[in-house]
Amino acid sequence: MPRKAIDCLVNVHFGEADSQPKWMTSVRDNYFKGPKSMFDPVDMSELLDEMDEMGVQKAILMDSIATPRLTARKFVEAHPERFSLAMGVGPLFRPMKVVRELAAITQDLPVRYAAIGPSFWGDGDYSPSHALYYPLYTKCAEMGLPLCMNTGIPGPALPGEVQNPIHLDQVCVRFPELKLCMIHGADPWWDVAIRMLLRFPNLRLMTSAWSPKRLPENLLHFMRTRGQNKVIFASDWPVLTQRRLVPEAVELDLTEEALGNFLFDNAEDFFFGDRQPLN
């Protein structure tokens with residue numbers, strides 16, 4: 001039986017749409033080589049079976065302010081002890097509207113973090129250091145709500161430079177109270193991401209959409225040494241399954257302590273711990 005884990009990024013909403021945008025099918029077919037069933041409706045009992053088999057105690061399901069994910073909310077209502085939500089926030093051209101909606105929805109639903117991808121709005125013209133993000137940073141810091149931001153070149157053919165982790169440098173300097181996490185790895189800027197993680201106590205990195213056996217050696221060395229509390233496991237299920245990723249994680253060259261931190265403890269502390277703003 002695998003060690004206990006938390007899967008911090010799971011998609012159960014793909015089957016809600018009659019069809020997927022072309023960039024999504026392209027990522028599935030050309031990037032991840034995923035099965036056609038990736039966009040099928042999700043059976044909750046089958047997901048729970050996979051979680052139980054792999055020792056996944058809890059999963060954070062992607063939701064969205066702009067397009068509420070009914071399947072995710074149904075799963076949370078049925079099993080609040082296993083499921084909670086990550087709330088995607090949309091374009092920030094009118095950021096105050098977005099932050100008000102985020103604050104309101106966190107009062108009603110178990111939201112573990114907010115999420116945004118700089119490449120995925122505004123044609124990739126707004127890096128995380130742009131002023132449009134500042135109301136979001138302020139509100140998340142005030143609420144003690146972690147904020148996850150895509151880093152690394154995105155899978156779809158979208159502008160990628162805005163997801164260079166160096167753009168978070170100013171953010172971490174200006175907002176040390178903000179709990180901030182890079183998601184989907186940081187390829188090809190792993191060295192930059194690691195250097196940032198060393199500098200800023202409020203910063204983490206999530207390995208969602210990355211097979212553990214594909215993680216670079218410099219990141220694994222960091223996880224074994226100075227970064228034992230910094231790197232968080234996630235699958236991006238069903239893009240990559242827990243049945244594939246958890247066994248791969250167990251096979252990594254990590255100590256028992258480092259592996260436990262990666263699979264469970266770091267997420268438990270960062271996303272499920274004290275919701276007070278950082279000092």
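**View 1. The surface of the whole protein.** The accessible surface of this predicted model comes to about 12,400 Å², as given by the Shrake-Rupley method with a 1.4 Å probe. Carbon and sulfur atoms hold 51% of that surface. Of the protein's 279 residues, 56% count as buried, a word used here for under 20% relative accessible area (1.4 Å probe, protein chains only). Local features need pLDDT of at least 70 and side-chain atom pairs count only at pLDDT 80 or more, while totals for chains, interfaces and linings use all residues. Residues are numbered from 1 along each chain as its sequence is written, and side-chain values use heavy atoms, without hydrogens and water.

**View 2. Strand β2 and its two partners.** Strands pair if DSSP finds at least two bridges between them. β2 runs parallel to β1 (residues 5-10) over four bridges, with Ile6 opposite Lys58. With β3 (residues 83-88), β2 forms six bridges, also parallel, and Asp63 stands opposite Met87.

**View 3. A close look at Ser119.** Look for Ser119 in the loop between β4 (111-116) and α5 (134-143). Ser119 is buried because its relative accessible area is 2%. A polar atom of its side chain lies 2.5 Å from the backbone oxygen of Pro159. Beyond its neighbours within four places in sequence, Ser119 has contacts (heavy atoms within 4.5 Å) with residues including Gly124, Pro154 and Leu158.

Definitions and conventions: Buried means under 20% relative accessible area, exposed over 50%, partly exposed in between (1.4 Å probe, protein chains only). Helices (H or I, at least four residues) and strands (E, at least two) are DSSP runs, numbered from the N terminus. A polar contact is a pair of N or O atoms within 3.5 Å; within protein, one must be able to donate a hydrogen and the other to accept it, and residues adjacent in sequence count only if both atoms are side-chain atoms.
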